[in-house]
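Please look through the sequence and the structure shown below before reading on. The notes that follow go through the model topic by topic.

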Amino acid sequence: MNTITHQETQALHAAAFTPAAATIAAYDLLLIPLSQLRPSSRNVRKSGGASIPELASSIARVGLLQNLTVTASSDGEHYEVVAGKRRLAALNLLAKRRKLAKTHEVPCLLVPDASARTVSLTENVQREAMHPGEQFEAFAALVAEGRPVEDIAADFGVTPLVVQRRLKLANVSPRLLADYRADTVTLDQLMALAITDDHTAQEAAFYDAPQWQRSAQALREHLTEREIDATRDALARFVGIDAYEAAGGGVRRDLFSDDTRGVFLSDAALLDTLARDKLAAAADSARAEGWAWVETVPRITSAELHGFQRARRDRRTPNKSEAKRIAKLQSRQQAIDDKLNADDAEDIAEEEASPLYEESDKLGVELDNIEQSLLVFAPEVLTMAGAIVAVDHAGEITIHRGLLREAEAKALRAQERQGMQAGSDSEGEAQQPTTPNISEKLARRLSAHRTAALQAEVARHPQVALVAVVHRLALRVVVDGYRSDDSPINISASPQDGLDTFAPDVAQSPALTGLREVRQAWAARLPSDPDALFAELLALPQPELLSLLAVCVAATVGAVTPREDKLPAFALAQAVGLDMHSWWTPTAEGYFAHVSKAKAIEAVQVFAPEHAARLAKLKKNDLASEAERLALGKGWLPVMLRAAVQEAPAETLPDAETDKFASE
């Protein structure tokens, strides 16, 4: 039985509360050979068996500083240790390592057998551990006496890092250490504050901050806010801490972090210089590609990249080797898909299907890589666009190619217009797109948005609307000599209000929303009676009459097409300076979810080439969503919305209700 008897409990109580005048029990202090000592089952401490090797090392260096407490064994040859179980284990370990003889005499206090459990409990209950703050100061005092850190570590069975950490804590502001002893500052907070040796900074960080901003993380961030966290900073990972230190850069290390964290760099300018030097070779390689300009910018944000427009890439024809490889990969991928989607596919075991899925994914990645290699910039793009060499978020070199400043983008559009005009046919159709491989449904959807935008632009250009009407009349009356008996002037107007049939989201587009507001404003202003309407129009000033004409003509514009390589009303679009950047934004539902994965990656290569490889590994829906996010603000347009047009100044409608629409 290991329970304490009632008699022993009374004895313990008496030992704790007997007045100082009471008689103190007399015990014998003996030197007993280690071989005669063994643990006692009456030792009340059952835990605490850890750190025996460290304790053994300490005993080997400084000796046994506290005797064991024993009782005589019933066999008359041994002694049972009732207090000092860890010390006995450490001594036995030293003997096992042949650093101590089994006959080594150990100082022991011999107590009566009846008091064994009482003495064991008393030693553990009455003992009070020193405060950690006192340990810190004691370690600092040892160093002040000239003791090497390594010797102190060996004396106490700890690593030199433990000693260095305690010395670091001992160097914290005395005011903070006093509050630590008073339990108003935690050990975590103390370790965070130890990142600096400046007592004033330590106290300001803690006492000047509100209570809710005194977490260890907040304190550490406050004291290092002007420094660079080498473990989180991409540029620091790119340059390397060793190279930075070799160049003379200042480093602050947090002793209380592991080896991979807690390193802070103080010289941001030096880090930037080292990064530029390391990027120089990549910049030279980019210049050799023939770009009009190349800049080295170690740190560049997405917002800064958004300030550039990106030139599109064209797909070149694969050579024989590439075409053969593509065909082979596609054939194998199709064979795998057929097997996995066959009627008896459910019978395929998981261990057989899993390798097939993995092989299919690898084939898809290789196909996407080949497809990306086929996307090239046109020679005229190289003469105007540029590249920026930078470091990405992972600390790797990245080159942003095909970047256009505003003036360069405008010049390139003008150049494309000239080429398109030279190659267009008699009906004014645009050149055939490089890769006309979107579905008819998507072509109608995109052209519906283009039609809506074209209607909005015509409503803003009364002079062009007038030309369009005269053009219609001239075709019927002058050119063809055609007459109709249905109307005195042979003109009919059919509003194209069914665009949402092809593009469900077009009704909420800026173009149709603005045009709808303008039409409603005119409807509220004009009488519905034909005779009264004629009289009202007769009294309108000519500018207002032309504005109304523009709105009416705009509503009749129809340019929906099922073909990507056809752009109806191309001349009209040129006349009003149609620029779809103002009217359409690429989204997952509006574009990326309706094209092939390769087509979506082709687009990503234009506006976010550094993410193309990552997106190629995603599933179709995830790829579409991520492409939408990356395309935001990049100014990318699909081929059939990208046709360059002539610049045409907008003519503001005079009606007050149209100001909002005219300014969009």
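How are H5 and H8 oriented to each other? H5 and H8 are oblique to each other, a word used here for angles that are neither under 35 degrees (roughly parallel), nor over 145 (roughly antiparallel), nor 65 to 115 (roughly perpendicular). This is a predicted model, in which local features need pLDDT of at least 70 and side-chain atom pairs count only at pLDDT 80 or more, whereas totals for chains, interfaces and linings use all residues. Residues are numbered from 1 along each chain as its sequence is written, and side-chain values use heavy atoms, with hydrogens and water left out.

**The protein as a whole**

- The secondary structure comes to 29 helices and 14 strands, where helices (H or I, at least four residues) and strands (E, at least two) are DSSP runs numbered from the N terminus.
- Of the 664 residues of the protein, 40% count as buried, and buried means under 20% relative accessible area, with exposed over 50% and partly exposed in between (1.4 Å probe, protein chains only).
- Among contacts (heavy atoms within 4.5 Å) between residues at least 6 apart in sequence, 75% join residues at least 24 apart.

**Helices H5 and H8**

- Two packed helices are described by the angle between their axes and the distance between the axes.
- Helix H5 (residues 132-144) packs against helix H8 (residues 174-181) at an angle of about 140°, and their axes are 9 Å apart; axes are lines fitted to C-alpha atoms, for helices over the stretch in contact, and angles run from 0 to 180 degrees between N-to-C directions.
- On the H5 side the residues that take part are Pro132, Gly133, Glu134, Phe136 and Glu137, and these meet Leu177, Tyr180 and Arg181 in H8.
- By class, the contact of H5 with H8 has 4 nonpolar, 1 polar and 3 charged residues, where Ala, Val, Leu, Ile, Met, Phe, Trp, Tyr, Cys and Pro count as nonpolar, Asp, Glu, Lys and Arg as charged, and the others, Gly among them, as polar.

- An α-helix has 3.6 residues a turn, so residues three or four places apart point the same way.
- In helix H2 (residues 52-62) the buried residues are Ile52, Leu55, Ala56, Ser58 and Ile59. Seen down the axis of H2, these buried residues fall within an arc of 160°, so they line one face of the helix; the arc is that of the directions from the helix axis to the C-beta atoms.
- After H2 comes glycine 63, whose phi is positive, near 85°.
- In helix H7 (residues 160-170) the buried residues are Val163, Leu169 and Ala170. They cover an arc of only 125° around the axis, which puts them on the same side of H7.

**The sheet with strands E1 to E5**

- An open sheet is formed by 5 strands in the order E1-E5-E3-E4-E2, with mixed pairing; two strands pair if DSSP finds at least two bridges between them.
- Its edge strands, each pairing on one side only, are strand E1 (28-33) and strand E2 (37-39).
- Strand E3 (residues 68-72) and strand E5 (residues 105-110) run parallel and are joined by 3 bridges, and threonine 69 stands opposite leucine 109 in E5.
- Helix H3 (residues 85-96) lies across E2, E3, strand E4 (79-83) and E5, and runs at about 130° to E4.

**Strand E13 and its partners**

- All of strand E13 (residues 386-391) is covered, since 6 of its 6 residues are buried.- Both faces of E13 are covered, with Gly386, Ile388 and Ala390 buried on one side and Ala387, Val389 and Val391 buried on the other.
- Strand E9 (residues 293-296) runs parallel to E13 and is joined to E13 by 4 bridges, and valine 294 stands opposite alanine 387 in E13.
- Strand E14 (residues 397-404) pairs with E13 in the antiparallel sense over 6 bridges, and isoleucine 388 stands opposite histidine 400 in E14.
- E13 and E14 form a hairpin with 5 residues between them, and glycine 395 in the turn has a positive phi of about 85°.

**Tyrosine 591**

- Tyrosine 591 lies in the loop between helix H25 (570-576) and helix H26 (597-607), and at 3% relative accessibility tyrosine 591 counts as buried.
- Leaving aside neighbours within four places in sequence, tyrosine 591 is in contact with Ile438, Leu442, Leu446, Trp584, Lys599, Trp636 and Pro638.
- Tyrosine 591 and leucine 446 are 145 residues apart in sequence, and their C-alpha atoms are 8.3 Å apart in space.
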